[in-house]
Amino acid sequence: VQLQASGGGSVQAGESLRLSCTASSSRMFSINAMSWFRQAPGKERELVAQIAKHDNTNYADSVKGRFTVSLDNAENTVYLQMSNLKIEDTAVYYCNADIAVRGFFGATDYWGKGTLVTVSS
């Protein structure tokens, strides 16, 4: 399974960005959950938002009310709509997926390459 993330960039505080991440594989698979993590310089990687089956979502307190995670099951793509961005949102954002691949037992965590989001004043 490969995860391809896109949508990062440089914006000013208060502006918006949308990240997307698409899962693909030569085998059939099902998505249990997809998440966005971020890692700022000198800090540990942290969970930003997660969406699981039945559209159950979970957000970090720091982004509640500003970020929205959504999942397009038909396209195997997770989106992170980020609004009212703050300087402290600057980080490398990583896509994560918990996926069960047909023919394999259980589910596996997959990570995409990070995409940089820079928010300036």
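**Entry: burial**

What share of the 121 residues of the protein chain count as buried? I looked this up and found 39%. I note that the model is predicted.

**Entry: secondary structure**

I looked up the helices and strands next. The protein chain has 0 helices and 11 strands. I then read along the sequence and wrote down the pattern as β-β-β-β-β-β-β-β-β-β-β.

**Entry: overall dimensions**

I checked the radius of gyration. The protein chain has 14 Å. For 121 residues, a compact globule would have a value near 14 Å, so the two agree. I also looked up the spans along the principal axes. The C-alpha trace covers about 50 × 25 × 25 Å.

**Entry: contacts**

How much of the contacts with a separation of 6 or more comes from residues 24 or more positions apart? I found 54% for the protein chain.

**Entry: surface and charge**

I looked up the accessible surface of the protein chain and got about 6,800 Å². Carbon and sulfur atoms hold 46% of that surface. Then I turned to charge. The protein chain carries 11 positive and 11 negative charges. Their mean positions lie 4 Å apart.

**Entry: strand pairing**

I followed strand E3, residues 17-24, to its partners. Strand E1, residues 2-6, pairs with E3 over 5 bridges. The sense is antiparallel. In this pairing I found Gln4 opposite Thr22 in E3.

E3 also pairs with E8. I counted 6 bridges there, again in the antiparallel sense. Which residue of E8 stands opposite Arg18? I found Gln81.

**Entry: two asparagines with positive phi**

Asn76 has one, at about 50°. I located Asn76 in the loop between strand E7 (67-72) and strand E8 (77-82). Is Asn76 buried or partly exposed? Its relative accessible area is 22%. Buried means under 20%, so Asn76 counts as partly exposed.

Asn84 was my next stop. Its phi is positive too, near 45°, and Asn84 is not a glycine. Where does Asn84 sit? I found Asn84 in the loop between E8 and strand E9 (91-101). Its relative accessibility is 42%. Exposed would need over 50%, so Asn84 counts as partly exposed.

**Entry: recap**

E8 pairs with E3. The loop between E7 and E8 holds Asn76, and the loop between E8 and E9 holds Asn84.

How values were computed:
Residues numbered from 1 in each chain as written. Predicted model: local features only at pLDDT ≥ 70, side-chain atom pairs only at ≥ 80, totals over all residues. Heavy atoms only, no water. Helix = DSSP H or I, 4+ residues; strand = E, 2+ residues; numbered from the N terminus. Rg over C-alpha atoms; globule rule 2.2 N^0.38 Å. Buried < 20%, exposed > 50% of the residue type's maximum accessible area, 1.4 Å probe, protein only. Contact = heavy atoms within 4.5 Å. Areas by Shrake-Rupley, 256 points an atom, 1.4 Å probe, with all protein chains shown as cover. Lys, Arg positive; Asp, Glu negative; His and termini not counted. Charge placed at Lys NZ, Arg CZ, Asp CG, Glu CD. Pairing = 2+ DSSP bridges.
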